[in-house]
Amino acid sequence: MTQTPPILELRDVDTFYGPVQAHFGLSLRVERGEIVCLLGGNASGKSTTMKIILGLVKPTAGDVLIDGVSVLGLSTPRIVRLGVGTVPEARRLFGAMSVRENLLMGAFTRNDKAAVAADLERVLALFPRVAERIGQQAGTLSGGEQQMVAMARALMARPRIIIMDEPTMGLSPLWVDRVLSLIRDINGEGVSIFMVEQNANLALQIADRGYVLQTGRVVIEAAAADLLVDTRIRDAYLGGAEAA
Ligand SMILES: Nc1ncnc2c1ncn2[C@@H]1O[C@H](COP(=O)(O)OP(=O)(O)OP(=O)(O)O)[C@@H](O)[C@H]1O
Ligand SMILES: [Mg+2]
């Protein structure tokens, strides 16, 4: 019997920015249907990991595989067509365009107009708040609302996995809860999730597994439930005993 390959896998990746090495033999994977959280301090290589997966930065060694097939050297649009969605850091909405136009931009790689229209309805049902703001100029939305539009836009590409770099950054506690609960809903629709998150305590509550990066190396890999009670994690990322 053949085993299903992980939806995403990095194998022994080395990455350099000029003389600066950002990854040292980085290996990790996301199995189908999982929520996997990437933790680590500032400058540990988290955003670079996301950029490598999307083909925005090229590793100097190692491999990146989607469904067991290498995507090294492919352009970002081709990687997106393979089913990799993204909610980039700082969201990058088209501020002067309406919410509807932003959502339709998410489907730019697709030619199936009728299915895109159906998906818009489905995505708006999942994000009622976005539906209420459909005609509004995206740049005038609140930070939390913009984050929701960014996630809804990612879904419009019909991704099988979504890569998210700090989806709750800058949001109030209420919006952090909302966004994380939406991530769980998206995952419930069968989409795998790979996310960088500073709110480790909350993110690990919805995640299946997590990795901790330290200066470009995986130093801990464990089930989310184990990371939540790991004293090394709690001291470094969860605010010590207060996080209990
Ligand atoms: N374009 C670049 N040119 C040169 N060095 C870079 C570039 N992008 C990132 N780096 C370096 O690579 C290392 C990893 O950066 P990265 O952005 O991946 O970290 P991070 O874990 O996302 O940090 P943060 O938590 O602050 O977002 C850092 O030392 C950073 O200075
Ligand atoms: Mg970063």
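This is a predicted model: local features need pLDDT of at least 70, side-chain atom pairs count only at pLDDT 80 or more; totals for chains, interfaces and linings use all residues.

**Entry 1: the ligand shell**

I started with the shell around ligand 1, whose residues divide into 3 nonpolar, 7 polar and 2 charged.

Residues are numbered from 1 along each chain as its sequence is written, chains are lettered from A and ligands numbered from 1 in the order in which they are written, and side-chain values use heavy atoms, with hydrogens and water left out.

Which residues surround ligand 1? I listed Y17, A22, G41, N42, A43, S44, G45, K46, S47, T48, E166 and Q198; a residue is put near the ligand if one of its heavy atoms lies within 4 Å of it. Helix α1 (residues 46-53) gives the largest share of this shell, 3 residues. Helices here are DSSP runs of H or I with at least four residues, strands are runs of E with at least two, and both are numbered from the N terminus.

Next I checked polar contacts, meaning pairs of N or O atoms within 3.5 Å; within protein, one must be able to donate a hydrogen and the other to accept it, and residues adjacent in sequence count only if both atoms are side-chain atoms. A polar backbone atom of A43 sits 2.9 Å from an oxygen atom of ligand 1. For S47, a backbone N or O atom is also 2.9 Å from a ligand oxygen, and for S44 the distance is 3.2 Å. Taken alone, ligand 1 exposes 640 Å², and the protein buries 62% of that. Those areas come from the Shrake-Rupley method with a 1.4 Å probe; for residues, only the protein chains shown count as cover.

**Entry 2: salt bridges**

How many salt bridges does a search of the whole structure find? I get 13, taking a salt bridge as a side-chain nitrogen of Lys or Arg within 4 Å of a carboxyl oxygen of Asp or Glu.

I looked at E221 and R29, whose side chains meet at 3.4 Å, N to O. E221 is partly exposed at 45% relative accessibility, and R29 is partly exposed at 28%. My cut-offs are buried under 20% relative accessible area, exposed over 50%, and partly exposed in between (1.4 Å probe, protein chains only). Both residues also belong to a salt-bridge network of R29, E31, E34, R209 and E221.

Then I went to D67 and R160, with their closest N and O atoms 2.6 Å apart. D67 is in the loop between β4 (61-66) and β5 (69-70) and R160 in the loop between α6 (143-155) and β7 (161-165), so this pair ties together parts that are 93 residues apart in sequence. D67 is partly exposed at 21%, and R160 is partly exposed at 33%.

R158 pairs with D119, the closest N and O atoms being 2.7 Å apart. Because R158 is in the loop between α6 and β7 and D119 in helix α4 (residues 113-126), the pair ties together parts 39 residues apart in sequence. Here R158 is partly exposed at 45%, whereas D119 is buried at 4%.

**Entry 3: a glutamine in α6**

Is Q147 buried or exposed? Q147, in helix α6, is buried at 1% relative accessibility. A polar atom of the Q147 side chain lies 3.3 Å from the backbone oxygen of P167.

**Entry 4: strand β9 and its partners**

I found 5 of the 6 residues of strand β9 (residues 209-214) buried, so this strand is largely enclosed by the rest of the structure. Strands pair if DSSP finds at least two bridges between them. β9 runs parallel to strand β3 (residues 35-40), with 5 bridges, and L38 stands opposite Y211. β9 runs antiparallel to β10, with 6 bridges.

In β10, Y211 has E221 as its bridge partner, and G210 has A222. β9 and β10 form a hairpin with 2 residues between them, and T215 in the turn has a positive phi of about 35°.

Conventions. Ala, Val, Leu, Ile, Met, Phe, Trp, Tyr, Cys and Pro count as nonpolar, Asp, Glu, Lys and Arg as charged, and the others, Gly among them, as polar.
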